[in-house]
Amino acid sequence: MPLTITPVSIASRDAWLQMRQDDFTASDAGALFGVHKYRTLRQIAVEKTGGLRQEKKSPVFRRGHILEPAIAAALAYDHGLHCEASKLYLRARDPANRHVRIGATKDYHLTVLADDIERVLGDAFPKSWSPWLGDLPMALSVEMKSVDYQVFADEWCDGPPHYHIAQAATQAMVAGDAGALIVALVIGRSLA
């Protein structure tokens, strides 16, 4: 049975955190698949059964929130792709199964043509994608990441880490988007 998606406006950070408490969120997806670097199934089980999640306000977390708009601006400046910030929490439910509780908040969303993707990727664009992408505009979920240069060198050499892919793919699925784009701004330690 298809999921019922309910978009909820995000009134405040506290309200958003409260909404997420009842759901398995896109941020949890990597842990659910056993590929998350920082989260475990046990942590999720404790949180979803009433345990408290300690909100981490690390310098990396802070940096990421501050730089999201800058990453969107860089994507527009460098590639002419203009994203819009998402201000909705998307709650997905299966009416036939009360245990299906999925939530997602996209960082940004973007509408592009296959030509835009091919132009941005250049020689790295897989020609096998052309028939799949077609000629119509497609909506993409966009996940913004600010990544330390050494972490990027160590962990992103084959593309984004799997837990970022799981998060972005879950956001795209819940949003009904054609796919997801993960954009990384590689920075030096001085901005942490």
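This is a predicted model: local features need pLDDT of at least 70, side-chain atom pairs count only at pLDDT 80 or more; totals for chains, interfaces and linings use all residues.
**Chat about the sheet, helices and rings**

Q: In which sense do S2 and S5 pair?
A: Parallel. Two bridges hold S2 to S5, and S5 covers residues 97-104.

Q: How many bridges join S4 to S5?
A: Five, and the two strands run antiparallel. One of the paired residues is Leu-90, whose bridge partner in S5 is Ala-104.

Q: How many residues sit between S4 and S5 in the hairpin?
A: Two residues lie between S4 and S5 there.

Q: Switching to rings: how many aromatic pairs does the structure hold?
A: There are three aromatic pairs. One of them is Tyr-38 with Tyr-163: the ring centres are 6.2 Å apart and the planes are at 85°, so that pair is edge-to-face.

Q: Where in the chain are Tyr-38 and Tyr-163?
A: They are 125 residues apart, so to speak in distant parts of the chain. Tyr-38 is in the loop between H2 (29-32) and H3 (41-48), while Tyr-163 is in H8.

Q: Tyr-38, buried or exposed?
A: Tyr-38 counts as exposed, at 52% relative accessibility.

Q: What about Phe-125 and Trp-129, how do they pair?
A: Phe-125 and Trp-129 also make an edge-to-face pair, with 5.8 Å centre to centre and 80° between the planes. Phe-125 counts as buried at 4% relative accessibility, and Trp-129 is partly exposed, with a relative accessible area of 38%.

Q: Now H3. Which are the buried residues of H3?
A: Ile-44, Glu-47 and Lys-48. They cover an arc of only 90° around the axis, which puts them on the same side of H3.

Q: What do the buried residues of H3 pack against?
A: They pack against H1 (13-21), S2 and H2.

Q: Remind me why residues three or four places apart point the same way in an α-helix?
A: An α-helix has 3.6 residues a turn, so such residues end up pointing the same way.

Q: Which residue with a positive phi follows H3?
A: Gly-50, with a phi near 105°.

Q: Last topic, cysteines. How many disulfides does the structure hold?
A: Zero disulfides.

Q: Is Cys-83 buried or exposed?
A: Cys-83 is buried, because its relative accessible area is 16% and the cut-off for buried is under 20%.

Q: And Cys-157, buried or exposed?
A: Cys-157 is exposed, with a relative accessible area of 60%.

Terms used:
Residues are numbered from 1 along each chain as its sequence is written. Side-chain values use heavy atoms; hydrogens and water are left out. A disulfide is a pair of cysteine sulfur atoms within 2.5 Å. Buried means under 20% relative accessible area, exposed over 50%, partly exposed in between (1.4 Å probe, protein chains only). Two strands pair if DSSP finds at least two bridges between them. Helices (H or I, at least four residues) and strands (E, at least two) are DSSP runs, numbered from the N terminus. Rings of Phe, Tyr and Trp (its six-membered ring) pair if their centres lie within 6.5 Å; planes under 30 degrees apart count as stacked, over 60 as edge-to-face and the rest as tilted. The arc is that of the directions from the helix axis to the C-beta atoms. Contact means heavy atoms within 4.5 Å.
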